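Dear colleague,

Please find below the structure that I am handing over to you. My notes on what was found in it follow directly after.

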Amino acid sequence: MPTPSMEDYIEKIYSLIENKGYARVSDIAEELLVHPSSVTKMVQKLDKDEYLVYEKYRGLILTPKGKTIGKRLLERHALLESFLGIIGVEETRIYEDVEGIEHHLSWNSIDRIGDVVQFFEENPDALAKLQGMQHVTRYPEE
Ligand SMILES: [Mn+2]
């Protein structure tokens with residue numbers, strides 16, 4: 001199993017390739033706010049663990065294993081964003097909160113959260129009821 005940090009890289013590489021067709025070390029560094037040398041180090045590890053193939057001057061491609069996991073990680077991220085949206089978390093907090101929790105839930109929990117999301121998508125009346133409970137709250141400075 002990939003570590004949380006490896007998951008962040010695989011997820012980001014997968015989405016870069018989806019959106020731009022390629023993922024360069026510099027793009028990954030920029031998106032993950034890390035130094036390019038850290039990216040190179042991690043990419044070498046991901047290559048060794050067979051999530052991707054890295055060729056210094058030609059960039060990198062995900063292996064079938066890397067693609068499968070990348071897709072799952074991206075779907076997990078999207079699912080958790082939907083979930084936080086449904087339970088009324090403010091739009092501006094959602095991305096960071098998902099980044100904070102996504103690596104720490106079991107796939108079992110992810111599946112059950114998926115049921116909740118599906119339930120509210122299929123039952124707009126229940127969703128409206130839930131939203132009726134969600135009042136705006138002020139939080140201390142974070
Ligand atoms: Mn994520």
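In this predicted model, the charged end of lysine 65 lies over the ring of tyrosine 51, at 4.4 Å from the ring centre. Arginine 72 likewise places its charged end over a ring, that of tryptophan 107, with 4.0 Å to the centre.

The structure also contains 1 aromatic pair. Its members are phenylalanine 119 and phenylalanine 120, arranged edge-to-face with 5.1 Å centre to centre and 85° between the planes. Phenylalanine 119 is partly exposed, because its relative accessibility is 42%, whereas phenylalanine 120, at 14%, is buried.

For six octahedral donors, the ideal angles would be 90 or 180 degrees. Of the coordinating residues, glutamate 102 is buried, with 0% relative accessibility, while glutamate 99 is partly exposed at 22%.

Finally, the largest pocket holds about 170 Å³ of space. Its lining consists of Ile87, Gly88, Val89, Glu90, Arg93, Gln134, His135, Val136, Thr137 and Tyr139.

With kind regards

Notes
Residues numbered from 1 in each chain as written. Predicted model: local features only at pLDDT ≥ 70, side-chain atom pairs only at ≥ 80, totals over all residues. Heavy atoms only, no water. 1 Å grid on protein atoms, 1.4 Å probe; cavity = no way out; pocket = protein on both sides within 12 Å on 5 of 7 lines; lining within 4 Å. Points joined across faces, edges and corners; volume = space filled by probe spheres on them. Phe/Tyr/Trp six-rings, centres within 6.5 Å; stacked < 30°, edge-to-face > 60°. Buried < 20%, exposed > 50% of the residue type's maximum accessible area, 1.4 Å probe, protein only. Lys NZ or Arg CZ within 6 Å of the ring centre and 35° of its normal.
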